[in-house]
Amino acid sequence: MTSGVLRAGEPVLLIDRKSRRYLIDLTEGGEFHTHAGVISHDEIIGEPEGTRLRSGRGTNFLVLRPTQADAVLKMPRGAQVIYPKDSAAILTWADIYPGARVLEAGVGSGALSMALLRAGSVVTGYEYREDFLAVARANVARFCSPEVLQRYHTELRDVYEGIDESDLDRVVLDLPEPWRVVTHSAKALRSGGIFLSYTPSIMQVKRLREALEASPFELHSTVEVLMRGWHVAGEAVRPDHRMVAHTGFLTTSRLCVP
Ligand code: SAH
């Protein structure tokens, strides 16, 4: 995300009065067609963020740069993405910091990559599906600043076969059999390095924890993140009726001297 007026080439979010959200890439001469009429991109280019527009049929739209969470929920997907509530927690529990050398696998749609890169780390991503890797790279290029791409290296490969990098600070996994990456991670991480794995099923957690127990990793921990929105309107102040009840578990461990 940049600041200043909205420019051609940037993605922007249009929000109508019913809170429907549309993500578009601004192009000179471009048009955005909605049920409520047409909006010309040229009306948006050069305006500040937060500007309000009126379409042909009088509907108001609010125009803002997408936050990273907006982008992740709207961007094209190959694989299922890690939700913002979980990527936020991953940054803290994997203790991602500027300059940290991170191995990420699998890369999927690149949502978690975007969070790791935003936090300033240097990411090597392994992904064994070429089509997903293309989606992830396109998403990172579209939503992150060009500087970020210099810290993002991706490789088409199977992480179960091993990790070439050494002296890594962090290993962050989102794939079905993370226990198959424990021994590789113990070799690739520096002592004190952190291993974090996101898994949807508690049976995966059990198997992973058994593998971690039998390894030089210590301080194993598994958590899940529950986020409940609230409805606040006049005297009606209560939790939202609906929430995302389950996504995945976060398991962390630290590599110690064997
Ligand atoms: N965290 C990603 C989504 C990852 S989905 C995001 O936020 O967008 C899981 C991904 O792991 C899939 O793309 C799948 O192809 C990949 N994968 C599964 N097993 C793998 C392996 N052994 N090596 C590399 N990638 C793998």
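A polar contact is a pair of N or O atoms within 3.5 Å; within protein, one must be able to donate a hydrogen and the other to accept it, and residues adjacent in sequence count only if both atoms are side-chain atoms. The model is predicted: local features need pLDDT of at least 70, side-chain atom pairs count only at pLDDT 80 or more, and totals for chains, interfaces and linings use all residues. Residues are numbered from 1 along each chain as its sequence is written, and side-chain values use heavy atoms, with hydrogens and water left out.

**Exercise 1.** Find which side chain forms a polar contact with that of Arg-151, and state whether Arg-151 is buried or exposed.

*Solution.*
1. Look in the loop between α5 (146–149) and β9 (152–156), where Arg-151 is found. Helices (H or I, at least four residues) and strands (E, at least two) are DSSP runs, numbered from the N terminus.
2. The side chain of Glu-147 makes a polar contact of 2.9 Å with that of Arg-151.
3. The Arg-151 side chain also reaches the backbone oxygen of Ser-121, at 2.8 Å.
4. Arg-151 has 15% relative accessibility, so it counts as buried (under 20% relative accessible area; exposed is over 50%, partly exposed in between; 1.4 Å probe, protein chains only).

**Exercise 2.** Determine how far helix α3 (residues 111–118) is enclosed by the rest of the structure.

*Solution.*
1. Go through the residues of α3: Ala-111, Leu-112, Ser-113, Met-114, Ala-115, Leu-116 and Leu-117 are buried.
2. Seven of the eight residues are buried, so α3 is largely enclosed.
3. Just after α3, Gly-120 has a positive phi of about 95 degrees.
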